[in-house]
Amino acid sequence: MRKKIIAGNWKMNKTPAETVALINELKPLVVTEDADVIFCVPAISLTTALEAAKGTNIEIGAQNMYFEESGAFTGEIAPNMLTSIGIKYVIIGHSERREYFAESDVTVNKKVLKAFEHGITPIICCGESLTQREQGITIDWIRQQIKIAFLSVTADQAKTAVIAYEPIWAIGTGKVATTEQAEEVCKAIRECIAEIYDEATAAAIRIQYGGSVTAASAAELFSQADIDGGLVGGASLKADFGKIVNYK
Ligand code: PGA
């Protein structure tokens, strides 16, 4: 049985002081033994967030990481900067990183490999645009993203990875994918992992759905056979996140 994993992607929101306030507000609401609960906060608030989440079931994750160890990469964050403070999760290849910061499938793969090298669990994002969905190439596109993201990743590493399927047209738009659309793609991702590795790896890997998840849509989405939780943007900044985590 795969344990659910429900992550909040705070994006570029909340100062360190506001982070403490929001964690204090949410921590009694997100208590659960049924799911891993991750808050992915802006880099500047990671230390503060770790402190505020101490003694709770909340894990703190980063939203990005570079694929080099150190050096002349102004503005970037090295993997050991994350591990040195106790960060265990990092979002890799979010569609906003791909769209606004020129991340490609190749850089995603480099970051995924680097995260595993440092024992950080990557939450690897994939997703199609509205045009791609309308052209009927969603599954082909996602399979390509997955195949490149997992190049040179071992089966043992892949078993511990998290994939977030986030249709771009559903992110921040209030337009959640139907349960059937979400399950169809998450199932196809699991089949793709089985092809690359084997059934055991496919059965172990956790696949989230993301894109306008709310307290109203979480229960149906998360009870699908191939959906192991969610990556939640807007609704993770509100008390509603408690209802999403405790969706049952
Ligand atoms: P949203 O964002 O829930 O606000 O649509 C999801 C995401 O981008 O991870």
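Begin by selecting the shell around the ligand, which by class has 4 nonpolar, 7 polar and 2 charged residues. Here Ala, Val, Leu, Ile, Met, Phe, Trp, Tyr, Cys and Pro count as nonpolar, Asp, Glu, Lys and Arg as charged, and the others, Gly among them, as polar. The structure is a predicted model, in which local features need pLDDT of at least 70 and side-chain atom pairs count only at pLDDT 80 or more, while totals for chains, interfaces and linings use all residues. Residues are numbered from 1 along each chain as its sequence is written, and side-chain values use heavy atoms, with hydrogens and water left out.

Next, select Lys-11, His-94, Glu-166, Gly-172 and Ser-212, which come nearest of the 13 residues around the ligand; a residue is included if one of its heavy atoms lies within 4 Å. The side chain of Lys-11 places an N or O atom 2.7 Å from a ligand oxygen, and a polar side-chain atom of His-94 lies 2.7 Å from an oxygen atom of the ligand. For Glu-166, the distance from a side-chain N or O atom to a ligand oxygen is 2.6 Å. Of the 280 Å² of accessible area that the ligand has on its own, the protein covers 95%, by the Shrake-Rupley method with a 1.4 Å probe.

Stay on Lys-11 and inspect its backbone. Although Lys-11 is not a glycine, its phi is positive, about 55°. Lys-11 sits in the loop between β1 (4-9) and α1 (16-26); helices (H or I, at least four residues) and strands (E, at least two) are DSSP runs, numbered from the N terminus.

Now move to the loop between α7 and α8 and select Ser-152. Ser-152 is a residue other than glycine with a positive phi, near 65°.

Finally, display the aromatic rings. The whole structure holds 8 aromatic pairs, where rings of Phe, Tyr and Trp (its six-membered ring) pair if their centres lie within 6.5 Å, and planes under 30 degrees apart count as stacked, over 60 as edge-to-face and the rest as tilted. Phe-150 and Tyr-197 form an edge-to-face pair, 6.3 Å centre to centre with 75° between the planes. Phe-150 lies in the loop between α7 (138-149) and α8 (155-160) and Tyr-197 in the loop between α9 (179-196) and α10 (199-204), so the pair ties together parts 47 residues apart in sequence.

Notes:
Polar contact = N/O pair within 3.5 Å; in protein donor to acceptor, adjacent residues only side chain to side chain.
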